[in-house]
Amino acid sequence: MSSKPYIYVTRKLPEEIINNLCTFADVGMWEKEEEPVPREILLQETKKADALLTMLSDRIDEEIFQAGEKLKVIANLAVGYDNIDIELATKYGIAVCHTPDVLTDTTADLAFSLLLMVGRRLAESVELVKNGEWKSWSPLFMAGTDIHHKTIGIVGMGKIGEALAKRALGFDMNVLYHNRHRKMDVEKALGVHYRSFPDLVTESDYVVCLTPLTEETRGMFTKDVFRKMKKTAFFINVARGAVVIEEDLLLALREGEIAGAGLDVFEKEPIDPQHPFLKMKNVVALPHIGSASIETRTAMMKLCCRNIELILKNEKPISIVNEAVFLAK
Ligand code: 8YV
């Protein structure tokens, strides 16, 4: 039997990444690129594993912690970790690592792209030309809404929020934000303005949700919130689908309470191809690609590997969620 630790990777990753893990561990991997690992296999592999490299689609709960008798670390390929029961992981003494920082700019780029897409009706315009429906010109043909001099309201002023604010300022937008804790240093450095959540949604032309999914934020965008928004305003979500009551958003879009939505995330992913969102002209839907650039996904994978390596060597990891576990050792 090998004396090396065993790492199980729950989705097919590039050879270069796996080779790097193989320098210090034995590695098992779910070989399918587009299908999540079946639960029974994940449980079986966890029994042998010192470390798991997981995806957002893997539910990591008590059953996993109980199966993982040798399990020391779970490295999640995402900055978010709402798929993992952190409190229990901590109780079981299992370190949970994630991938902040390396995806900040890429995710902010995507959020701002969605804003441009919905405001200037870009997806609709591309579709129209491709379908041979560009027949004439009229003064208001495909006229959208300006971006410059409009107000963006950022809900969740973490690192991605700050990076988005910089992009918005570069487009001459007025930037409002809401966050659990007011950030005077960011206000001073960037010239952005704090608002209560109700004031932010009332004043903004583009409301962008960047907040992590927690028990506090689950379902925070309700019909009352959409009703407070301007009828000309857009809602953009690059956080998690479950921060929104999707039925309420659908109703707000149908009844003209808001002008449109740009959604990178959904309560159920992949979204059902029959979902009513996908039939609406004023909805731009993306397949959860916030951090999906080759450079960033590579950096995220490398960060997961490095965190695993450090934890297995009993050294301080770069990005741990439940630091108490590491400090307790
Ligand atoms: C990813 C994300 O696009 O990091 C997160 O929390 O939601 C995104 O970066 C993706 O889910 C990678 O796992």
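Student: Why is Arg306 called partly exposed rather than buried or exposed?

Tutor: In this predicted model, Arg306 has a relative accessible area of 35%; since buried means under 20% and exposed over 50%, that value falls in between, and Arg306 is therefore partly exposed.

Student: What makes Glu309 buried?

Tutor: The relative accessible area of Glu309 is 17%, and because the cut-off for buried is under 20%, Glu309 counts as buried.

Student: How do you know that Glu309 and Arg306 form a salt bridge?

Tutor: Their closest N and O atoms are 3.3 Å apart, and a salt bridge requires a side-chain nitrogen of Lys or Arg within 4 Å of a carboxyl oxygen of Asp or Glu, so the pair qualifies. As for their placement, the two residues are three residues apart in helix H12, which means that about one helical turn separates them. Elsewhere, salt bridges that share partners join Arg39, Arg59, Asp61 and Glu63 into one network.

Student: How do you know that the span of helix H12 agrees with what its residues should give?

Tutor: Helix H12 covers residues 294–312, and at 1.5 Å a residue its 19 residues should span 27 Å; the end C-alpha atoms are 27 Å apart, so the two values agree. Among the buried residues of H12 are Thr296, Met300, Leu303 and Ile311, and just after the helix Asn314 takes a positive phi of about 60°.

Student: Why is the pair of Arg167 and Asp105 called a salt bridge, and what does the pair tie together?

Tutor: The closest N and O atoms of Arg167 and Asp105 are 3.1 Å apart, which lies within the 4 Å cut-off. Arg167 lies in helix H7 (residues 159–170) and Asp105 in helix H5 (residues 104–119), so the pair ties together parts that are 62 residues apart in sequence. Asp105 itself is partly exposed, with a relative accessible area of 45%.

Student: What makes the contact of Glu124 with Arg121 a salt bridge, and where does Glu124 stand in the second largest pocket?

Tutor: The closest N and O atoms of Glu124 and Arg121 are 2.9 Å apart, again within 4 Å, and Arg121 is partly exposed at a relative accessible area of 25%. The second largest pocket has a volume of about 460 Å³; of the 26 residues that line this pocket, Glu124 is one of the closest to its centre. The largest share of the lining, five residues, comes from H6, and by class the lining has 15 nonpolar, five polar and six charged residues.

Notes:
Residues are numbered from 1 along each chain as its sequence is written. This is a predicted model: local features need pLDDT of at least 70, side-chain atom pairs count only at pLDDT 80 or more; totals for chains, interfaces and linings use all residues. Side-chain values use heavy atoms; hydrogens and water are left out. Helices (H or I, at least four residues) and strands (E, at least two) are DSSP runs, numbered from the N terminus. The expected span of a helix is 1.5 Å times one less than its number of residues. Buried means under 20% relative accessible area, exposed over 50%, partly exposed in between (1.4 Å probe, protein chains only). On a 1 Å grid over the protein atoms alone, a cavity is a set of points where a 1.4 Å probe fits but cannot get out, and a pocket is an open set with protein on both sides within 12 Å along at least five of seven lines; lining residues have an atom within 4 Å of a point. Grid points are joined across faces, edges and corners, and a volume is the space filled by probe spheres set on the points. Ala, Val, Leu, Ile, Met, Phe, Trp, Tyr, Cys and Pro count as nonpolar, Asp, Glu, Lys and Arg as charged, and the others, Gly among them, as polar.
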